[in-house]
Amino acid sequence: MSADAITASYETASGSGRALPAPAAEPAPGAVPAPAGRRAPAAGEPRIEERDLTYDGFRYTCRISWGERSDAEPFLVLGGSSQDRNSWLRHEKWLTPHGSVVTVDLPGYGSADFLPAKYGVDFLAAVVRHLVDQLQISQVNLVAACYGGAVGLRFAQHYPHLVKRMMFVGMTTAITEEYEAAMARWDGMIRRGETEPIARELADRFMSPPGTGYVRKHAAVSRLVYQQIATQNPEQLRSSAEHNTRLMRHEWYRPEPVPGVPALVVTGEHDTLTTPAMGREVAASLPAARFMTIRETDHLAPVERIADFADLIARFCADRPLEGLPYATEPELFGAALA
């Protein structure tokens, strides 16, 4: 449900995808440990590493952008259904001064192994737990967008000891009947290879319609969403169809206990896919949450205001004030722990 992967259209990954040297400094608790035997990066050398991992027979890949601080919990970013581990490259330069950034192609998404639809959100949350364990991270600052929000919330519910803070973007507690009907129609279109009409329909769905309100980069982002979907290869189309089946077959949201850690729920001011009202419902389901909207954006707020969105992540995860920000509304408080 998220087109965050289009940020890769702005900037390509550094190097050939091979593992690159990691910092040699000893990490503090919570930070991503440097692999044994790695030297410190030379001047101008990217501080990037990629690791291929396997869980229950399915290969997946994570990307680590090493931060300048070893005393901070890393940012673990879970993107939406079109996610790619390179989707947040433009955000990294704003976030790495505050900590390392970990992104991931979970099974069934990006370049990871195909994942049959019988595996749902619980399985993907377990993969995230496996990732955190393999990276030897004690706790993460979780940033989860749209479908990644469903996975991230289940991860926090099942493995609460691994979460220091959690931020949800474009998240909802329920998929509407209208959207479920649309997914069934899209599934048929994908399986018939009707990429052009579904690309147009999905681009219109992700973007707010004309007259809703001013949205930054609206035309450019709409074109990129369309191009991303229309140019999918057969394997990507197969994964997209399986994702739709997964959404229809498994619970999106489950009202299980949630850890009482600081939480922030964010939507675009003009988001018509996961509306501010839906975001407030998510915030109300959490023990200690704040809710904010990002001005002049819709469902694709992370792309439309990259620097501002990254600033909001960094502020929240450093426990800095969120009041008086020029790009966002004032935080609304939800949950007994904050009230």
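Tutor: Ala145 stands opposite Val169 in β6. Ala145 belongs to the set of β5 residues we will look at, with Asn141 and Val143 among those pointing the same way. This is a predicted model: local features need pLDDT of at least 70, side-chain atom pairs count only at pLDDT 80 or more, and totals for chains, interfaces and linings use all residues. Residues are numbered from 1 along each chain as its sequence is written, and side-chain values use heavy atoms, with hydrogens and water left out.

Strand β5 covers residues 140–145. Strands (E, at least two residues) and helices (H or I, at least four) are DSSP runs, numbered from the N terminus.

Now the neighbours. β5 and β6 (residues 163–169) run parallel, joined by 6 bridges. Strand β3 (residues 75–78) is also parallel to β5, with 4 bridges between them. Two strands pair if DSSP finds at least two bridges between them.

Next, the side chains. In a regular strand they alternate between the two faces of the sheet. From β5, Val140, Leu142 and Ala144 point one way. Asn141, Val143 and Ala145 point the other way. Each of these residues is buried. Buried means under 20% relative accessible area, exposed over 50%, and partly exposed in between (1.4 Å probe, protein chains only). Because 6 of the 6 residues of β5 are buried, the strand is largely enclosed by the rest of the structure.

Follow the chain onward. Cys146 sits in the loop between β5 and α3 (147–158). Its phi is near 50°, a positive value in a residue other than glycine. Most residues other than glycine have a negative phi. Cys146 has 1% relative accessibility, so it counts as buried.

Together, β5, α3 and β6 make a right-handed β-α-β unit. A crossover is right-handed if, with the strands pointing away from the viewer, the path from the first strand over the helix to the second runs clockwise.

Lys217 is found in the loop between α5 and α6. At 37% relative accessibility, Lys217 counts as partly exposed, whereas Cys146 counts as buried.
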